[in-house]
Amino acid sequence: MATLRELKGRICSVASSGKITGAMKMISSAKMHKAESALRRLVPYRSQIETVIANLLGSDAAFSSPLVEVRPEIRRVAIVVLGSDDGLCGAYNVNIAKRLIGRISELRQTYGFGLDIDIYPVGKKMVKIVSRFKDNRLNVISTGEINSKSDGSAVKDFIKALETEFLQSRVDQVDCLYMHYQSAGRQNITLEQLLPVDSSTFSAEGVPASSGRPYIFEPDPETIFRSVLPLFLLLVMQEKFVQNRASEQAARVMAMQSANDNAKKLLEQLQLEFNKLRQQSITTELLDIVGGQVRD
């Protein structure tokens, strides 16, 4: 049975843990709101690019770009997996890894078990998980300097490298697996195809195929299309990185809230046990005093 001193030490330890988790929750909440603001700032830029491409597609001109060409035979697929660099975010990375395993199985069933798959893990925790995969047809590609906290310039270099891999036919399809941020309490694991670019994307989310207004394209529409499409890809990748950061912080807020609640429950139990033990000790001392007086 624990002594009063031991219980007091445990109570102090649990109380300190509760304060630490509460502080970490506040920090993660601030970072989450910062990522939310970054997402809102990306909305006008994405809307403008989608509008430009939608109007190009709505014109009578014919368009072609190697970034939208679907390969007749899929022999190698690249999957970009966005995770976290830091821990204490619950099962965040584990859930993404489970979806990755499911995606690998889907690709093998669709294109055959001879399909080669390149995995680009982003984030130290995701790199650690993916490094444990054992498969002769599975290649884990180092992402170098990029991580879950990378800025716009690093993301730009990363998407350029992926475009080069696709354009030089070293990969036939590029997917991206990440956590889509909807709100502080809701994040969904999302899988999207980056390359080849699906033209139906530009008529989504209320963007019309054409605004009906006359446009004069200078230079020709196809040149504009080929110039704007890489900008769209860069925007999409930047948006996914910010979505991932916001989702990571939201998961950490929930994990810290759960840890704080558990600390409070444990603290209440320890205080109750401490009070019982102290009351028992006082009662024992009183009985000894009374017993001594009776003997006298």
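**View 1. Strand 2 and strand 3 pair in the parallel sense over three bridges.** The model shown is predicted. Strand 3 spans residues 138–140, and within this strand Asn-139 is the bridge partner of Asp-118. A right-handed β-α-β unit is formed by strand 2, helix 3 (residues 124–130) and strand 3.

**View 2. Strand 1 is a parallel partner of strand 2.** Seven bridges join strand 1 (residues 76–82) to strand 2. Opposite Val-81 stands Pro-121 of strand 2.

**View 3. Strand 2 is covered on both faces.** This strand comprises residues 116–122, and seven of its seven residues are buried. In a regular strand the side chains alternate between the two faces of the sheet. One side of strand 2 carries Asp-116, Asp-118, Tyr-120 and Val-122, while Ile-117, Ile-119 and Pro-121 lie on the other.

**View 4. One aromatic pair is counted in the model.** Tyr-120 and Phe-158 form this pair in an edge-to-face arrangement, with 6.2 Å centre to centre and 65° between the planes. The pair links distant parts of the chain: Tyr-120 belongs to strand 2 and Phe-158 to helix 4 (residues 152–167), 38 residues apart. Both Tyr-120 and Phe-158 are buried.

**View 5. The charged end of Arg-71 sits over the ring of Phe-166.** The distance from the charged end of Arg-71 to the centre of the Phe-166 ring is 4.1 Å.

Terms used:
Residues numbered from 1 in each chain as written. Predicted model: local features only at pLDDT ≥ 70, side-chain atom pairs only at ≥ 80, totals over all residues. Heavy atoms only, no water. Buried < 20%, exposed > 50% of the residue type's maximum accessible area, 1.4 Å probe, protein only. Helix = DSSP H or I, 4+ residues; strand = E, 2+ residues; numbered from the N terminus. Pairing = 2+ DSSP bridges. Right-handed = clockwise from strand over helix to strand, strands pointing away. Phe/Tyr/Trp six-rings, centres within 6.5 Å; stacked < 30°, edge-to-face > 60°. Lys NZ or Arg CZ within 6 Å of the ring centre and 35° of its normal.
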